[in-house]
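Me: Hi! I'd like to chat through this structure with you. Could you take my questions as they come?

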Amino acid sequence: MTLITSILPNPIEYLKGVGPQKGELLRKEINMHTFRDLLEYYPFRYVDRTKVERIGHLSGFEDYVQIRGRIVHMEVVGEKRGKRLVATLQDETGRMDLVWFQGWQWMQKSLRENVAYLVFGRVSQFNGTVQMAHPEMDLLTEETASGKQHLEPVYYTTEKLKARGLTAKAIGKLTRNLLEQLSLPEIKENIPAPVLQQFRLMPRAQAFFRIHLPASEEEAKQAQRRLKFEELFLAQIRICRLKVRRHKISQGFVFGAVGEIFNTFYNDHLPFPLTGAQKRVLKEIRKDTMTGRQMNRLLQGDVGSGKTMVALLSLLMALDNGFQGCLMAPTEILAQQHFKGISELLKDMPVKVALLTGNIKGKARKEILRQTEEGSIHILIGTHALLEKEVKFSHLGMAIVDEQHRFGVAQRARLWEKNHTPPHILVMTATPIPRTLAMTVYGDLDVSVIDEMPPGRKPITTVHRTEYQRPQVMDFIKEEVRKGRQAYVVYPLIEESANLDYENLTKGYEEVKAFFPEPKYYISMVHGRQPQDQREANMHRFVTGDTQIMVATTVIEVGVNVPNASVMVIESTERFGLSQLHQLRGRVGRGAEQSYCILMTGNKIGKDSQERVKVMVQTNDGFVISEKDMELRGPGDIEGTRQSGLLDLKLADIVQDRAMLAAARESAEKILEEDPELELPENKPLHDYLASQRSKSAWSKIS
């Protein structure tokens with residue numbers, strides 16, 4: 001058997017037609033380093049040049065067509081800047097004009113009369129005759145006489161590449177050069193045969209050739225289908241393997257008992273009965289902590305669904321088993337709120353709760369650190385400050401991370417080091433993650449969902465109002481304030497237009513003040529440019545009810561809990577994404593009163609914005625909203641997708657290809673269930689392929 005050495009790892013400049021300078025440019029512009037990168041640089045559409053039309057059959061309203069004919073006459077017409085080259089093309093059925101307004105001197109030199117050409121371009125009508133402007137011209141050969149054998153691929157290129165002659169056409173030529181040198185056995189199969197048969201997938205080598213040079217639309221579609229499935233399947237195999245391995249090897253503390261602390265709190269101090277969803281999630285957590293493996297669970301639930309209560313009960317489980325617990329929040333205000341809420345709930349229990357943030361300094365800080373290390377503090381709540389090296393626990397068994405998307409992967413990893421065996425980890429998010437994304441980005445975590453609201457919560461009424469209706473909106477806020485309620489007025493803040501946004505915010509603040517004059521009304525203004533102490537003081541005044549209205553930028557998005565606030569006015573709604581609108585809306589509706597969210601827009605808004613407003617008015621369900629958000633924006637914007645390193649998708653789209661993703665996930669799970677180490681003969685191609693890709697391992701081992 002001869003050993004095939006692959007040319008695919010070769011540097012791109014070694015390919016005929018590239019060379020060092022173009023190679024450097026391809027690296028910089030489109031991240032193309034090797035022959036393999038070129039092979040995986042897929043066309044984004046195709047032009048059908050397999051058919052040849054006749055001039056006599058054209059109506060002048062076709063889109064792109066291909067004609068075979070001879071140039072029978074050429075002349076330059078027009079004056080000065082209006083000069084152009086007009087060539088008459090003739091076939092057996094008639095004549096038409098070909099026109100060049102730019103670069104005509106070069107075309108005049110390169111075209112020959114009485115020579116046959118294959119001409120391709122867009123047809124138009126001028127003065128009642130059919131013509132084509134700036135067509136593509138190829139000399140007619142025996143091979144192309146009846147049209148090209150393949151659809152013509154069109155590749156994405158950039159202005160800099162074009163300037164150096166690397167047009168879409170030139171990239172196509174390089175790809176053909178590469179395919180001519182490649183032999184099919186060099187492209188090894190990496191999907192097990194049973195899976196190929198089950199989904200009727202094209203072999204891998206064939207798919208690479210067909211995606212670049214398909215004979216028909218159908219062939220291109222089948223090649224894309226095969227390569228999309230491969231991307232999703234490999235990502236799922238990697239993620240599921242991480243999960244299988246973690247379940248197999250990771251050591252974790254065993255919480256053997258639900259003891260006195262948990263039971264006393266549950267029976268005597270629980271402020272309201274748990275919902276079915278909360279009970280279900282607690283059972284999942286309880287099960288995880290009894291296995292002897294480290295728990296890594298993602299808890300999703302809409303704003304106000306009762307995640308904090310689940311977190312607290314999980315911490316009490318740790319305490320009952322002789323461990324400490326910690327809860328980490330992304331902002332000082334949120335940490336303080338957790339501290340206040342949890343301390344209040346545990347005030348009649350023998351549990352010591354402490355708060356550690358960057359603002360706690362000197363003697364007080366030293367004392368907290370000392371008590372945490374000796375174990376007399378049972379639950380430590382804080383911000384990033386908890387990750388610092390000087391924070392040492394006596395015996396940390398449960399770490400909870402709130403609003404997990406605000407923390408980088410490396411930061412969360414530092415929690416693992418807070419005990420000789422890593423503590424159990426529960427990460428919580430109120431940003432519902434679409435199921436498709438959860439399967440990919442957080443696929444190595446176990447996911448729990450609280451999909452039920454506590455009883456007594458009234459759904460928030462959401463309405464859309466335009467600039468014309470502003471006076472009525474302000475009157476409505478006055479009415480609510482008269483009932484003793486409070487209101488938010490939120491303005492967008494986008495980095496690129498920060499200065500303009502601040503002007504809008506200040507203008508808005510003045511406008512609100514005009515409607516709500518002091519001393520009858522008091523207003524807080526909160527934005528990111530204020531010094532932190534001023535911002536927190538202003539927020540505090542609103543939280544305590546000293547001010548009735550808060551005018552703010554989106555800094556209030558995470559975690560301000562004011563049960564008395566019943567109105568949320570979102571200005572310039574069209575400038576927010578759906579998930580952000582949903583997060584903002586969740587700031588109201590936290591008390592027993594009916595709450596309202598008013599989406600203000602200009603009088604005219606674009607199609608996408610209309611769609612977002614419509615979704616917000618129709619539903620309060622965060623999961624429906626997150627799926628729709630991903631559909632409108634694409635998954636690229638959702639934090640963490642890139643950082644996970646697992647989502648290197650060139651063709652597949654986790655929104656459009658949802659069904660395929662689910663099928664890939666199912667296949668991956670089934671294979672790993674039967675053969676976790678991929679040792680069976682039919683899984684050898686997959687095993688070998690993954691081994692060759694080892695260097696691409698990701699951060700994703702960490703929750």
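Me: How many helices and strands does the protein chain have?
Reply: The protein chain comes to 23 helices and 21 strands; these are DSSP runs numbered from the N terminus, helices being H or I with at least four residues and strands E with at least two. Keep in mind that this is a predicted model, where local features need pLDDT of at least 70, side-chain atom pairs count only at pLDDT 80 or more, and totals for chains, interfaces and linings use all residues. Residues are numbered from 1 along each chain as its sequence is written, and side-chain values use heavy atoms, with hydrogens and water left out.

Me: Thanks! What box do the C-alpha atoms fill?
Reply: Taken along the principal axes, the box is roughly 100 × 75 × 45 Å.

Me: And what share of the residues is buried?
Reply: Of the 703 residues in the protein chain, 52% are buried. Buried means under 20% relative accessible area, exposed means over 50%, and partly exposed is in between, with a 1.4 Å probe and protein chains only.

Me: Let's switch to H11. How many of its residues are buried?
Reply: In H11, 12 of the 14 residues are buried, so to speak mostly covered. Among them are Met309, Val310, Leu312 and Leu316. H11 covers residues 307–320 and reaches 20 Å from its first C-alpha to its last, close to the 20 Å expected at 1.5 Å a residue (that is, 1.5 Å times one less than the number of residues).

Me: What follows H11?
Reply: Gly322 does, and its phi is positive, near 85°.

Me: Which residues does Gln278 touch?
Reply: Leaving out residues up to four places away in sequence, Gln278 touches Ser305, Gly306, Met309, Val310 and Ile450, where contact means heavy atoms within 4.5 Å. Gln278 sits in helix H10 (residues 276–288) and counts as buried at 1% relative accessibility.

Me: New topic: how do the axes of H8 and H23 cross?
Reply: The axes of H8 (residues 217–249) and H23 (residues 684–692) come within 12 Å and cross at roughly 80°. The two helices are therefore roughly perpendicular. Axes here are lines fitted to C-alpha atoms, for helices over the stretch in contact, with angles from 0 to 180 degrees between N-to-C directions; under 35 degrees counts as roughly parallel, over 145 as roughly antiparallel, 65 to 115 as roughly perpendicular and the rest as oblique.

Me: Which residues meet there?
Reply: From H8 there are Phe233, Leu234, Ile237, Arg238 and Arg241, and they meet Leu686, Tyr689 and Leu690 of H23. By class, this contact has six nonpolar, no polar and two charged residues. Nonpolar covers Ala, Val, Leu, Ile, Met, Phe, Trp, Tyr, Cys and Pro, charged covers Asp, Glu, Lys and Arg, and the others, Gly among them, are polar.

Me: How many aromatic pairs turn up?
Reply: The whole structure gives 11. Rings of Phe, Tyr and Trp (its six-membered ring) pair if their centres lie within 6.5 Å; planes under 30 degrees apart are stacked, over 60 edge-to-face and the rest tilted.

Me: Why does the pair of Tyr41 and Tyr155 count as stacked?
Reply: Because the planes are at 10°, with the ring centres 6.4 Å apart. Tyr41 and Tyr155 are 114 residues apart in the chain. Tyr41 is buried, at 13%, and Tyr155 is buried too, at 2% relative accessibility.

Me: And what about Phe476 and Tyr596?
Reply: That pair is edge-to-face, 4.9 Å centre to centre with 85° between the planes. Phe476 lies in helix H16 and Tyr596 in strand S21. Phe476 is partly exposed at 28% relative accessibility, and Tyr596 is partly exposed at 22%.
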